[in-house]
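Subject: Structure handover and findings

Hello,

Please find the structure below, for your files. My notes on what was found in it follow.

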Amino acid sequence: MKTLKFIFSFFVLAFVITIISLYILYSKYNLEKIINKIELENNISLEFKGKPEWLFFPIIKLSFSSEIKDNLKKFNSEIINFSFNQPYKLLPINFDIDTPAFFIKGLKIKSLQLLGNYNVINKNINLKNLNGTIDDGKFD
């Protein structure tokens, strides 16, 4: 009887701890809250095109498409795809950003792709690759 009480109490405690942990993670890493903070800090507006997709196994991955506009009208893109992934290790968060067309002050950059990672501890962005096409010329 004591073992049954112990097992039942253990599962109830584990369930409560799991619920509290999920609530804390959801409130701290809420996507809308993060996007609003980025919009305010950088004076831009992001509008989602569809629902963000989450993947939790074998890696943590977030993918979404949006429209991005600078409030000062210096740059914009109608379709921009973001993909963030984090292995279950203490490594920087990898990101992949691509768009078929990105406009900077009237200059059209076609097939823009940006690869890099973000170190959460040091708050550093490391760009690994940036490539695209301006008119007929490619850059890398």
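V16 is partly exposed, with a relative accessible area of 39% (buried is under 20%, exposed over 50%, and partly exposed lies in between, with a 1.4 Å probe and protein chains only). V16 sits in helix 1, residues 2-28; helices (H or I, at least four residues) and strands (E, at least two) are DSSP runs, numbered from the N terminus. V16 is one of the members of a nonpolar surface patch made up of F8, V12, F15, V16, I19, I20, Y23 and I24, which together have about 840 Å² of accessible area. Patches take residues with over 30% relative accessible area and no salt bridge, joining like charges within 9 Å and nonpolar side chains (Val, Leu, Ile, Met, Phe, Trp, Tyr) within 5 Å. The areas come from the Shrake-Rupley method with a 1.4 Å probe, and for residues only the protein chains shown count as cover.

Before you go further, note that this is a predicted model: local features need pLDDT of at least 70, side-chain atom pairs count only at pLDDT 80 or more, and totals for chains, interfaces and linings use all residues. Residues are numbered from 1 along each chain as its sequence is written, and side-chain values use heavy atoms, with hydrogens and water left out.

Charges

There is also a surface patch of positive charge, formed by K28, K33, K37 and K123. Lys and Arg count as positive and Asp and Glu as negative, while His and the chain ends are not counted. The place of a charge is NZ of Lys, CZ of Arg, CG of Asp or CD of Glu. K37 belongs to helix 2, residues 31-42, and is exposed at a relative accessible area of 52%.

How many salt bridges does a search of the whole structure find? The search gives 2, where a salt bridge is a side-chain nitrogen of Lys or Arg within 4 Å of a carboxyl oxygen of Asp or Glu. Side chains of opposite charge can pair when their charged atoms come close. E67 and K49 form a salt bridge, with the closest N and O atoms 3.6 Å apart. E67 lies in strand 3 (residues 60-70) and K49 in the loop between strand 1 (44-48) and strand 2 (53-55), so this pair ties together parts 18 residues apart in sequence. E67 also meets K69 in a salt bridge, at 3.3 Å from N to O.

Strands and hairpins

Strand 6 (residues 107-119) and strand 7 (residues 124-134) pair in the antiparallel sense over 9 bridges; two strands pair if DSSP finds at least two bridges between them. L114 stands opposite L130 of strand 7. The two strands form a hairpin with 4 residues between them, and K123 in that turn has a positive phi of about 55°. K123 is also one of the residues in the positive patch.

Strand 7 also pairs in the antiparallel sense with strand 8 (residues 137-139), over 3 bridges. I134 has G137 of strand 8 as its bridge partner. This hairpin has 2 residues between its strands, and D135 in the turn has a positive phi of about 60°.

F75 lies in strand 4, residues 75-86, and counts as partly exposed at 25% relative accessibility. The C-alpha atoms of F75 and F102 are separated by 7.4 Å, with the two residues 27 apart along the chain.

Backbone points to check in your viewer

- F57 and P58 are joined by a cis peptide bond, with omega about 5°. P58 is in the loop between strand 2 and strand 3.
- K73 has a positive phi near 60°, in a residue other than glycine. K73 lies in the loop between strand 3 and strand 4 and is exposed at 76% relative accessibility.
- K105 has a positive phi near 50°, again in a residue other than glycine. The loop between strand 5 (93-104) and strand 6 holds K105, which is exposed with a relative accessible area of 67%.

Regards
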